[in-house]
Amino acid sequence: MKRNPPDICRARRQAVLKDLRGIPLLLRSAPEVLRNGDVHYTYRQDSNFHYLCGFDEPEAILLAVPEGRGHRTILFVRPRDKAREVWDGKRAGPAGAKRTYGADEAHEVADFWKVFGELTRDWEALAWSLAVDPAFDARLMALFGARLTNRPRKNQGIPAIVDPRPVIWARRQIKGPEEVELLQEAARISCEGHRVAMALAEPGMYEYEVQAELEAVFRRNGAPRVGYDSIVASGPNACTLHYVENSRRIRSGDLLLIDAAAEYGHYSADITRTFPVRGRFSPAQRAVYEAVLRCQKKCVEAIKPGNTVQKITELSQREITKGLLQLGLLKKGTLAAHMKKRSFAKYYMHGLGHWLGMDVHDCGPYQNPDASWIGLKPGMVMTVEPGIYIPADDRAAPPELRGIGVRIEDDVLVTRSGHRVLTADVPKEVADVEALTAG
């Protein structure tokens, strides 16, 4: 799998240190977590850690220390261990941390506190995220606290602790060309999986069978994992937003909503399509689908530099409200009155979308410190995923609409001239969807 070159990670660290005004940065890798017994969850590196050094082993620590116009990268990693490597695979070790990952200095992780204690004697500040690992915090405070009691020099004390996450998140929010390339590959793989699922799903299959075929495409294309638990929701299950049981048997005449995507190079796509299983949309299904599609396409077109997620979200709410009025799900009152009452929230209860990147709900603020909304900038990537969900037991809805759930989602890159849809290879126009699902 493609790995970010060390020079790219070094440039990212340098940018973060500049934003931190030269405060040294301390980061730890994600911990290994037991699932049950002695079985661990599949390991996945912390996104910030991977972003800044590309090192994907557990039990690692990164120190980035400003020096002149640059910085010194110090990695603390597990030692080479032939006995453990027979079981768990090869480790980089300190030598590999320098050779492969561009560390200027590398030590065994067991030596961290000794080396760190010497390095930080004269530091006035440290960028570290408190309250994430209380045990590590306690040892850190014990180290600094001992200096207040026993300090041979007057300038030794506790450095000011600064949370580096907002600075790192702001940097991650704007994707570089190498990140866009990885996101596009994640999208390409995910699109192929969706097309296969749309073509092979048929009545009588179980949702999990479709899931298996979809995720097999991801793995065959080099994706090591899914970006999130796959949602394969047939019939009324589509009205449960995060339905992941995927156990129902698909029936003739069902719509199938699939919200699933691959992760590639630590970047995740996020795609949703809703389609009739081996057939055509019924008139009621088509009416709901076209209401969502009109909204989704208008919102995608609104993505451009300077616009805000808030304004595009309000556009989606207005367009969905229009659709709900046309469908007869909202009856009395004007569009303006229903918007003021937020009547749409009964059938469209989530936001329009979210940032996308290394995390499927990626980091980065939507508002400035003064509460104004952040304008979209080239390099930002967001999802656009409006929907309409009509519960099967909604007696206020026309009978033919009950139990229909529709969501359509694409991943959109903000460009200098407007936008680019990364997931355009999965059909969403009615005729195209019906042609593919007809087999």
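Modeller: Let us start with the general idea, which is that a disulfide is a pair of cysteine sulfur atoms within 2.5 Å. This model is a predicted one, and by that rule the count comes to zero disulfides.

Colleague: Is Y289 buried or exposed?

Modeller: Buried means under 20% relative accessible area, and Y289, with a relative accessibility of 0%, therefore counts as buried. Y289 lies in helix 10, which covers residues 283-301, and, apart from neighbours within four places in sequence, its contacts include F281, V406, K428 and V433. Y289 and K428 are 139 residues apart in sequence, yet their C-alpha atoms are 9.7 Å apart in space.

Colleague: How are helix 8 and helix 13 arranged relative to each other?

Modeller: Angles of 65 to 115 degrees count as roughly perpendicular. Helix 8 (residues 177-200) and helix 13 (residues 430-437) pack at about 65 degrees, with their axes 7 Å apart, and they are therefore roughly perpendicular to each other.

Colleague: Which residues make that contact?

Modeller: Helix 8 contributes R195, M198 and A199, while helix 13 contributes V433, L436 and T437; by class, this contact has four nonpolar residues, one polar and one charged.

Key: Residues are numbered from 1 along each chain as its sequence is written. This is a predicted model: local features need pLDDT of at least 70, side-chain atom pairs count only at pLDDT 80 or more; totals for chains, interfaces and linings use all residues. Side-chain values use heavy atoms; hydrogens and water are left out. Axes are lines fitted to C-alpha atoms, for helices over the stretch in contact, and angles run from 0 to 180 degrees between N-to-C directions. Helices (H or I, at least four residues) and strands (E, at least two) are DSSP runs, numbered from the N terminus. Angles under 35 degrees count as roughly parallel, over 145 as roughly antiparallel, 65 to 115 as roughly perpendicular and the rest as oblique. Contact means heavy atoms within 4.5 Å. Ala, Val, Leu, Ile, Met, Phe, Trp, Tyr, Cys and Pro count as nonpolar, Asp, Glu, Lys and Arg as charged, and the others, Gly among them, as polar. Buried means under 20% relative accessible area, exposed over 50%, partly exposed in between (1.4 Å probe, protein chains only).
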